[in-house]
Amino acid sequence: MFVDRVQIEVEAGSGGNGCSSFRRERYIPKGGPDGGDGGDGGSILIVAEEGVNSLVQLSHQHHWRGKRGGHGGGANRTGRKGEDIVIKVPPGTVVYDAKENFVLKDLAKDGDQLIAARGGKGGRGNQSFKTSTNRAPRECQPGDPGEKRLLTLELKSIADVGLIGKPNAGKSTMLSRLSRARPEIADYPFTTKFPNLGQVQVDMDTSFVLADIPGLIEGASEGVGLGHEFLRHVERAGLLVHLVEPAPIDGSDPLENYRSIRHELEAYNPQLAARPEIACVTKAELPEAEETHAKLQQELGREMFLISAVTGQGLNQLVREVASQLEAAKRETEGT
């Protein structure tokens with residue numbers, strides 16, 4: 001089961017109460033105050049950890065409660081600190097405040113963390129109120145309550161390259177051919193219900209992460225079909241590989257299909273539409289592939305790839321071009 005959006009409620013532990021106590025020992029008639037402070041409450045932490053692939057754990061537990069701090073005791077004994085609770089999520093998870101709808105933190109890489117709810121501070125015992133003029137204070141403080149929040153967690157896949165295209169454009173087949181990923185493959189729309197990631201090894205020192213994104217249909221930017229489920233995951237990809245099917249099973253025009261997807265990207269996020277794109281005509285073994293390739297190349301005014309995940313035609317050239325563009329983008333980023 002793949003879950004990429006959940007809402008949870010987190011409540012940190014309250015601080016323990018301070019103690020009001022006086023030292024009572026034989027031969028010490030003026031022992032004075034010795035009430036200890038309460039312990040701090042446990043906080044709720046959200047940590048991105050490599051190897052966690054989904055938010056499915058959080059879909060089964062919507063309420064997270066931190067441990068409260070222990071109460072202070074006599075003989076200046078401080079209450080025990082409440083244990084923190086750590087919620088592990090996949091890298092690429094964005095944490096939102098669900099009520100105010102703003103981003104608290106983008107946990108983009110392994111090790112990133114957020115204190116989602118801070119534990120309450122422990123109350124002061126009466127020994128801490130002792131002064132030169134108040135030798136026998138009796139006051140003490142209760143512990144502060146822990147923070148409480150309603151959060152929305154949203155997973156956006158982290159991939160160097162995103163495969164985009166209409167349903168049945170051959171994205172899953174290409175991913176399985178270029179990497180060890182084994183997505184579900186069938187000849188009906190929306191085989192892919194969630195992103196599949198695979199690592200493509202270019203050579204001994206070079207590799208990149210490729211994401212097979214659920215297919216786009218018209219109106220996706222408004223939530224039609226898999227809609228935002230698709231677009232949310234392609235947002236992080238630095239490079240898009242756009243696959244165009246030469247003979248769609250629904251009889252649609254390949255050129256119009258290409259324009260439709262470009263329109264949905266633009267409507268959802270203009271910055272997404274401005275990402276570098278490599279366009280490819282898939283299923284080169286089909287008779288219509290050559291003609292579609294020529295038309296699209298003329299339309300775009302730039303070189304397009306003609307590839308086949310079945311025969312392997314053009315795949316090596318495509319992988320080298322992807323690696324080259326990623327390396328160029330990396331050098332540009334490091335230069336700035």
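1. Which residue in E7 does Val47 stand opposite? Gln113 is the residue in E7 that faces Val47. Strand E2 covers residues 44-48 and pairs with E7 in the antiparallel sense over 4 bridges. Here two strands count as paired if DSSP finds at least two bridges between them. Helices (H or I, at least four residues) and strands (E, at least two) are DSSP runs, numbered from the N terminus.

2. A word on the basis of these notes: this is a predicted model, where local features need pLDDT of at least 70 and side-chain atom pairs count only at pLDDT 80 or more, while totals for chains, interfaces and linings use all residues. Residues are numbered from 1 along each chain as its sequence is written, and side-chain values use heavy atoms, with hydrogens and water left out.

3. Back to the sheet. E2 belongs to an open sheet of 3 strands in the order E4-E2-E7, with mixed pairing. Its edge strands are E4 (85-89) and E7 (113-117), each of which pairs on one side only. From one strand to the next the twist averages 25 degrees (axes are lines fitted to C-alpha atoms, and angles run from 0 to 180 degrees between N-to-C directions).

4. Helix H2 deserves a look. It is largely enclosed by the rest of the structure, because 6 of its 8 residues (171-178) are buried. Buried means under 20% relative accessible area, exposed over 50%, and partly exposed in between, with a 1.4 Å probe and protein chains only. The buried residues of H2 are Lys171, Ser172, Met174, Leu175, Ser176 and Leu178.

5. Thr292 sits in helix H6 (residues 289-300). This threonine is buried, at a relative accessible area of 8%. Leaving aside residues up to four places away in sequence, Thr292 touches Pro246, Pro254 and Val281, where contact means heavy atoms within 4.5 Å.

6. On the cysteines: the structure holds 0 disulfides, taking a disulfide as a pair of cysteine sulfur atoms within 2.5 Å. For Cys19, the nearest cysteine sulfur is that of Cys140, 6.9 Å away. Cys19 is buried, with a relative accessible area of 16%, and Cys280 is buried too, at 0%.

7. Finally, the overall picture. The protein has 7 helices and 14 strands, and buried residues make up 49% of its 336 residues. Among contacts with a separation of 6 or more, 72% come from residues 24 or more positions apart.
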